[in-house]
Amino acid sequence: MLKYIIRRLAMLVIVVIGVTLVTFTMIHLAPGDPAELMAIARYGLENLSEEDIERIRVAEGLDAPIFIQYLRWLGHTVTGDLGRSLVTGDPVQEEILLKLPATFQLALAALVVSLLVAVPAGIISAVKQHSPLDYLTMTGALLGVSMPNFCLGLLLILFFAVKLGWFPVYGYGGLSHMILPAITLGTGMAAITTRLTRSSMLNVLRQDYITAARSKGLSEGQLIFSHALKNSFIPVITIVGLQIGHLLEGTVIVESIFAWPGLGKLLVDSIFARDFSMIQGCALLFAVLFVLINLLVDISYVYLDPQIRYEKES
Amino acid sequence: MTAAVVTAWRNLSVNNQLRKNKMALIGLAIILLLVIVAAIAPVFVPHHPYEQDLEKAFLPPSLEYPFGTDDFGRCIFSRIIFGTRISLAIGVVVTAISAVTGIILGMLAGFYSGIVDEVIMRIVDIFLAFPGLILALVIAGLLGPGMFNVLFALSLVGWMGYARVVRGVVMAEKEKNFVETARALGAGSLYIMYRHLLPNVLAPVIVMATLGIGQAILAAAGLSFLGLGAQPPVPVWGSMLNDGKMYLQTAPHLTIFPGLAIMITVLSFNFLGDGLRDLFDPRLREKTIE
């Protein structure tokens with residue numbers, strides 16, 4: 001087990017190097033001169049002079065070859081210094097840490113929303129298979145999977161914020177601000193989880209030990225809650241784990257729609273501001289979070305289901 | 001390949017998994033309709049997609065403007081029809097590049113195993129370990145707005161699934177007798193890969209690619225919604241949504257129709273992909289459940 005974790009952590013290092021190499025190369029290929037951008041940020045567009053740009057270029061080490069710049073940046077990153085924003089001049093890591101809680105809040109809320117909807121819906125759908133309720137749930141799940149989150153977000157705003165006025169249209173604040181973004185982000189995941197809970201539950205309900213328990217005279221409720229539920233959960237947890245990474249991905253679009261001040265919006269804003277160091281920092285953080293979450297999910301399976309261990313360690 | 005398609009067609013019409021196949025057929029019908037619409041867009045649209053008339057801005061749907069007009073008084077219906085061309089083109093091109101890259105790398109990895117396999121699969125791991133949409137966003141964002149950059153970015157993050165599946169199939173197939181026989185008859189590695197192994201990977205690849213086109217269209221719409229991708233006045237569904245979101249309160253039709261277009265298109269490819277998956281290979285179901 002320890003060997004497996006160490007191997008995965010080594011993988012994390014490789015991924016980080018891979019990601020930073022890709023973004024660094026792209027930044028080098030991208031139009032726009034970082035030194036010029038910094039000069040504009042510091043002195044304003046009207047006071048822009050060649051000397052200032054050149055001075056900044058030398059002072060920030062932007063005149064060095066790209067490979068040297070990369071190594072330097074990597075060296076700083078290891079010590080937790082992600083450089084300064086080209087636009088505001090603030091340290092990148094401070095800005096990111098400031099935005100991170102909002103993203104976590106949103107992702108967590110979406111996770112809660114999707115589980116609260118998906119697990120009961122999936123169970124009911126399985127227990128009442130082929131009932132109208134089942135078809136209704138499955139149609140909803142199909143729509144949920146196919147609906148792009150940006151469409152859903154705009155529709156939710158249109159109906160619940162604009163027409164009905166129940167929630168604020170966008171912004172960050174109390175619980176009422178969080179509900180629409182959380183539903184938008186959580187729907188895709190809820191749809192997939194519902195489908196999986198249903199099929200997993202159906203699978204378990206067909207097993208012999210369920211028939212045996214039923215023949216012993218257990219009520220349907222006892223049967224489902226004390227026998228079937230636990231066994232049907234392992235595949236569900238697997239999918240939920242896989243989805244958490246994608247939940248992070250979704251924050252980029254959802255945060256942009258709802259002007260939610262998190263990491264995703266920061267990334268999009270930095271892209272349009274061509275704030276290279278901020279983009280680099282956000283991308284790095286997303287990569288690290290993604291890999292760490294997947295690692296945690298993988299480790300947790302091994303504890304949940306001993307059968308997995310053999311596959312993973314081989 | 002044609003034989004496989006013909007068999008699949010025949011199965012499609014006689015198979016008794018009716019409900020599933022009905023959905024696949026509906027998907028196929030809508031896709032064909034979209035292709036036809038895209039092909040004949042210029043003769044089909046009531047207005048030129050770029051034609052502005054500020055006096056006719058924000059008109060609700062009517063006979064002259066079936067989906068109403070946008071903030072510049074352009075016909076939303078005509079713009080969506082022209083947007084079909086762009087969306088389908090992006091979906092197909094991204095999927096084609098991803099699939100070909102994935103097939104080549106997966107086949108090399110599966111066929112040669114050893115160090116080649118190790119290197120290729122570690123690259124696959126690295127790409128898979130990173131959230132694809134974010135990588136695509138960063139790449140497209142850094143390279144600047146533009147259709148080509150979106151194509152490039154999405155292709156770069158879309159090939160890994162194909163490589164994995166192709167590798168698996170090739171590893172299983174290359175041990176079989178017909179490959180041994182071909183080799184004994186003096187066939188070279190390239191010939192064996194092309195003539196004997198490639199046909200075996202086509203079925204799973206076609207299924208993945210069908211679903212992949214939908215996913216690529218969705219991702220491209222997401223990127224153009226964020227403001228990347230083709231720039232105005234080119235009619236792209238994602239950026240039409242983005243324009244519309246400012247007028248959500250007063251003119252929701254600016255948002256609803258492009259949104260529906262994206263949804264229906266993606267849904268059709270999902271239906272068709274799911275149906276094909278059941279036809280070609282029921283075992284694939286579990287692997288690509290997402």
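**Group meeting talk: a predicted two-chain model**

Let's start with one residue. Asn203(A) counts as partly exposed, because 14 C-beta neighbours lie inside 10 Å. A residue is buried with 20 or more other C-beta atoms within 10 Å of its own, exposed with 12 or fewer, and partly exposed in between; the C-beta atoms are placed from the backbone.

A word on the source. This is a predicted model, where local features need pLDDT of at least 70, side-chain atom pairs count only at pLDDT 80 or more, and totals for chains, interfaces and linings use all residues. Residues are numbered from 1 along each chain as its sequence is written, while chains are lettered from A and ligands numbered from 1 in the order in which they are written.

Back to Asn203(A). It is found in helix α8 of chain A, residues 175–205. Helices here are DSSP runs of H or I with at least four residues, strands are runs of E with at least two, and both are numbered from the N terminus.

Helix α1 covers residues 2–29, which is 28 residues. From first C-alpha to last, α1(A) reaches 41 Å, close to the 40 Å expected at 1.5 Å a residue. The expected span is 1.5 Å times one less than the number of residues. Which residues of α1(A) are buried? They are Val15(A), Val16(A), Val19(A), Val22(A), Thr23(A), Met26(A) and Ile27(A). Here is a general point. An α-helix has 3.6 residues a turn, so residues three or four places apart point the same way.

Helix α4 of chain A, residues 66–78, passes the same kind of check. Its 13 residues should span 18 Å at 1.5 Å a residue, and its end C-alpha atoms are 18 Å apart, which agrees. Just after α4(A), Gly80(A) takes a positive phi of about 85°.

Two other residues have a positive phi. Ala259(A) has one of about 50°, although it is not a glycine. Ala259(A) sits in the loop between α10 and α11 (263–273) of chain A. Is Ala259(A) buried or partly exposed? It counts as partly exposed, because it has 13 C-beta neighbours inside 10 Å. Arg274(A) is not a glycine either, and its positive phi is about 50°. Arg274(A) is in the loop between α11 and α12 (276–304) of chain A. With 20 C-beta neighbours inside 10 Å, Arg274(A) counts as buried.

Now a helix pair. Helix α9 (208–215) and helix α10 (220–258) of chain A pack at an angle of about 145°, with axes 11 Å apart. Axes are lines fitted to C-alpha atoms, for helices over the stretch in contact, and angles run from 0 to 180 degrees between N-to-C directions. Which residues make this contact? From α9(A) come Ile210(A), Ala213(A) and Arg214(A); from α10(A) come Leu223(A), His227(A) and Ala228(A). Contact means C-beta atoms, placed from the backbone, within 7 Å. By type, the contact residues are four nonpolar, one polar and one charged. Nonpolar covers Ala, Val, Leu, Ile, Met, Phe, Trp, Tyr, Cys and Pro; charged covers Asp, Glu, Lys and Arg; the others, Gly among them, are polar.

On to chain B. Chain B has 13 helices and zero strands. Of its 290 residues, 49% count as buried. Among contacts in chain B with a separation of 6 or more, 70% come from residues 24 or more positions apart. Asn177(B) lies in helix α9 of chain B, residues 177–184. Asn177(B) counts as exposed, with 8 C-beta neighbours inside 10 Å.

How do the chains meet? The contact takes 33 residues from chain B and 36 from chain A. On the side of chain B that touches chain A, α6(B) gives the most, with eight residues. That side divides into 22 nonpolar, eight polar and three charged residues.

Last, the cores. A nonpolar core is a set of buried Ala, Val, Leu, Ile, Met, Phe, Trp, Tyr and Cys residues joined through C-beta atoms within 7 Å. The largest has 151 residues, and Ala136(B) and Val166(B) touch the most other members. Helix α10 of chain B, residues 189–225, gives the most to this core, with 18 residues. Apart from it lies another core, of six residues, including Ile123(A) and Met201(A).

Notes. Contact = placed C-beta atoms within 7 Å.
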